[in-house]
Amino acid sequence: MTQQPSDIAPQILRNPLRNRGTAFTEEQRRELGLTGRLPSAVETLDEQAARCWEQLSRRSSSMDKFIYLDLLHERNETLYFKVLGDHLAELLPIVYDPTVGQAIKDWSRDYRVSQAVYLSIDRIQDIRPSLENLGLGPADVDLIVCTDAEEILGIGDWGVNGVDISVGKLAVYTAAAGIHPARVIAVNLDCGTNNPALLNDPTYLGSRHARVTGQRYDDFIEAYVTTAADLFPNAVLHFEDFGPQNARRILDQYRDDYRIFNDDMQGTGAIVVASVLSAMKVTHQTFADQRLVVFGAGTAGSGMADQISAGMVRAGLFEAEARRRVWLIDRQGLITDDMPDLPNYQQPYARPAGEVSGWSRSGGKIDLLTVVQQVRPTILIGTSTVHNAFTEEIVRALCAGVDRPILLPLSNPTERIEVMPQDAIAWSEGNALVAVGIPSDPFAYQGTVYTIGQANNSLLYPGLGLGTIVSGATHVTDGMLLAAAEAVAAQVDPTQRGASLLPPVQNLRASSAAVAFAVVQAAVHDDVATIDAIDVHDASSLTQRIQDAMWQPVYPEGTV
């Protein structure tokens, strides 16, 4: 039976990928049975976006803005991404960190419309039909972002509520790198939760039991990875906000056989490498000259240590020597090899207990100040979420050890950062080379304006994903990660005092295209590219290929 226009109209208006709202022309309204269903005015996309931005600007709280954008996303994806793309710097903190953290806490209570696939550890047999029910073929998906939500953005275990992490990450991929919104999937892996507030909340929509671990968890992850890769063999499988005991293990197990990428470990590590590469333009050093102290030795901190120690090896050090240039500090103080039950990601960097037996201790542990005084690090990174952990005494001790230390307090939001950038510059007398994990306005110190770059993963992972898709890379190699980091660092000149170590987020689409260009070249160099006829030596052709792959938020001419 042929559908009549009156039957099609509700489907069109409820389909966010097809709905144009007031931008439907009069002819399109007649064809689709929309006559009388919309106000008389026919608007352009630009006019719609201007109205949305004005409406959004009237919202006073970040959560109100998040909800407005979420509803727009559910109604009209083209318009949503037009608004997001036009105001990316202002809206990144709304659609992702830090506002998404509050949205996650309220997700079950405020549940509106599903934008994801929900896979339960209690029904592993449903993984395949759940993904098949999307109606997408093997060549229809470029990217899948999944989370089990065990360690969300410093707020911990949020079970099924954490699905907004996957949705938000995909929004950034599309806005920043033009990954087509019809070719992505957000996935929540519901393994239960150890959050008592959720288990006792009558509105909670996830599985009401403790988080499952052990072999049953491993079987669930294996079933997800193998099924997703089988159904969508071209898709990049992005893992986000897994617990520290699982993140590295999953990455190590599957990265050689699948297109696996873990942003918490690899993306965060790579953006730190970009910051260090930029800072070394000022210090005129190489990775082989560095001594690294990481305060906060979880998944992110250890991933940064991995990336920087890998840089040391590339610069000529043996792997064992590179690891000896890294000191990790966690809640129990400096990590040493006599500590019981060290997680696998800390073990390679555990210092010999005998090496530090004569170091002073506070409360039975070797604290950050002692490590800074003893090690004289060239790089100090904070991923601890301990606000003001980098005191004036510590910053001055850091500067006493080296002339131009690289200081990266990366915890966010603001109430968790280890040191505010203004204090870091003042206490270092302008000598520290600083990037931070939060947005920071320029400020003056002793007649120099300091622009502090934000070490935001969005500078890197969208372009990395785009380059992986364009090249058809079978794996995300260390060479591709390094190329992405180098491409980010190449976008700034930090040699003038006060200059930023990293590019601004305002130009993310151009930045992502540059990163993708370098990643495609690296994929070809590493012999993992599968797309035929990529000539990495023809810059113009490769640039055009990347541009052609980037979806634009526009209404197609003459089609609905």
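**View 1. The open sheet of five strands has the order E1-E3-E2-E4-E5, with parallel pairing.** The model is predicted, so that local features need pLDDT of at least 70 and side-chain atom pairs count only at pLDDT 80 or more, while totals for chains, interfaces and linings use all residues. Residues are numbered from 1 along each chain as its sequence is written, and side-chain values use heavy atoms, without hydrogens and water. Strands (E, at least two residues) and helices (H or I, at least four) are DSSP runs numbered from the N terminus; two strands pair if DSSP finds at least two bridges between them. Strand E1 (117–120) and strand E5 (260–262) stand at the edges with a single partner strand each, so one side of each lacks a neighbour in the sheet. On average, neighbouring strands are turned by 25 degrees against each other, direction ignored.

**View 2. Strand E4 (residues 236–239) pairs with E5 in the parallel sense over three bridges.** Phe239 has Asn262 of E5 as its bridge partner. Helix H9 packs on the sheet, touching E1, strand E2 (143–147), strand E3 (184–190), E4 and E5; contact means heavy atoms within 4.5 Å. The direction of H9 makes about 150 degrees with that of E2, where axes are lines fitted to C-alpha atoms, for helices over the stretch in contact, and angles run from 0 to 180 degrees between N-to-C directions.

**View 3. The buried residues of helix H4 pack against helices H3 (45–57), H5 (77–86), H6 (88–95), H7 (99–105) and H9 (163–177).** These buried residues (under 20% relative accessible area, 1.4 Å probe, protein chains only) are Met63, Phe66, Tyr68, Leu69, Asp70, Leu72, His73 and Glu74. The 14 residues of H4 (residues 62–75) should span 20 Å at 1.5 Å a residue, which agrees with the 20 Å between its end C-alpha atoms; the expected span is 1.5 Å times one less than the number of residues.

**View 4. Pro98 is found in the loop between H6 and H7.** Its relative accessible area is 39%, so Pro98 is partly exposed, the class between 20% and 50%. Leaving aside neighbours within four places in sequence, Pro98 is in contact with Pro93 and Pro413. The C-alpha atoms of Pro98 and Ser62, 36 residues apart along the chain, are separated by 9.4 Å.

**View 5. The axes of helix H19 (residues 461–471) and helix H21 (residues 508–525) come within 7 Å and cross at roughly 45 degrees.** The two helices, H19 and H21, are therefore oblique to each other, a class that excludes angles under 35 degrees, over 145 and from 65 to 115. Contributors to the contact include Leu464 and Val470 of H19 and Val515 and Val519 of H21.
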